[in-house]
Amino acid sequence: MKEGPRVNDEIRLPEIQLIDHEGTNHGVISTDEAKAIAAEAGLDLVEISPNQRPPVCKILDYGKFKYISQKKASEARKKQKTVDVKEVKMRPNIDTHDYEVKMRNARRFVEDGDKVKVTMRFRGREMAHQELGLQVLNQVRDELEDLSRVEHAPKMEGRQMIMILGPDPRKIAALQKAQKEAEKARKREERLAAQRDGNASDEAEEPEMEAEDPELDADEANEAESEDDTDRQTAQAAAEA
């Protein structure tokens, strides 16, 4: 079966609805007439809506049309996110450090849009205490609740208890938004702190006004008073002469 639309002589119905290369709708015309118009324009007659009766055909450059269609399909495939299932293995008696490392990995997987399969493995007499493993799985579920949802509740499969968490797009979007707002607030506070530090530095560099020396002021006053006495004595001597 041919892939893609039918073109030119592959269109065998007697009538079609025609849209020409300039976008003009010619309505229903004979297929032969439409082919003649396409040939005169040096283009192709391409069936674009085969399910309509009669089908809709358009006059265009089929080679260019095919190239653009393939390019769009390729870009769409690149944008598609392939959801992987990442596995995190634990034991009922997992230590704190190991648990924290595995939880960081699980959180990163979910943030990247992948599912997380949490496998709780039991050995020997641990099978008699499955509730301990369930407690750990419930803790994992609660700690990842802010960005995931349970797709497969904890269930025993052989000697393993398995739980699957999937990313919740709305929760992840809300979390990312909150993180961005917190980052903006942090940067804003840093700028304000830098401005405050700069203002404090400018104030420290301003020259201080010289403090008045009371002893110096007293000396200046005595000197001025002595000059006044001298002037009076000089004036009196001149008057007596």
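In this predicted model, Asp9 and Lys35 make a salt bridge, with their closest N and O atoms 3.5 Å apart. What does the pair tie together? Asp9 sits in the segment before E1 and Lys35 belongs to helix H1 (residues 31-40), so the contact links parts that are 26 residues apart in sequence. A search of the whole structure turns up nine salt bridges, so to speak of this pair is to pick out one of them. The segment before strand E1 (15-19) also holds Asn8. Asn8 is not a glycine, and yet its phi is positive, at about 50 degrees.

Strands E1 and E2 build it, with five residues between them. Gly23 is found in the turn, and here too there is a positive phi, of about 90 degrees. How do the two strands run? E1 and E2 (residues 25-30) are antiparallel, and five bridges join them. To find one spot in this pairing, look for Ile19, which stands opposite Asn25 in E2.

The next stop is a loop. Between strand E3 (44-49) and strand E4 (56-60) lies Pro54. The peptide bond that leads from Arg53 into Pro54 is cis, and its omega is near -5 degrees.

Further on, strands and a helix come together. E5, helix H3 (residues 96-111) and E6 make up a β-α-β unit, and it is right-handed. Within that unit, strand E5 (residues 85-90) pairs with strand E6 (residues 115-121) in the parallel sense, over six bridges. Glu87 stands opposite Lys117 in E6, which gives a handy place to start when tracing the two strands. E6 has another partner as well: six bridges join E6 to strand E8 (residues 160-167), and these two run antiparallel. In that pairing, Val116 is found opposite Leu165 in E8.

Terms used
Residues are numbered from 1 along each chain as its sequence is written. This is a predicted model: local features need pLDDT of at least 70, side-chain atom pairs count only at pLDDT 80 or more; totals for chains, interfaces and linings use all residues. Side-chain values use heavy atoms; hydrogens and water are left out. Two strands pair if DSSP finds at least two bridges between them. Helices (H or I, at least four residues) and strands (E, at least two) are DSSP runs, numbered from the N terminus. A crossover is right-handed if, with the strands pointing away from the viewer, the path from the first strand over the helix to the second runs clockwise. A salt bridge is a side-chain nitrogen of Lys or Arg within 4 Å of a carboxyl oxygen of Asp or Glu.
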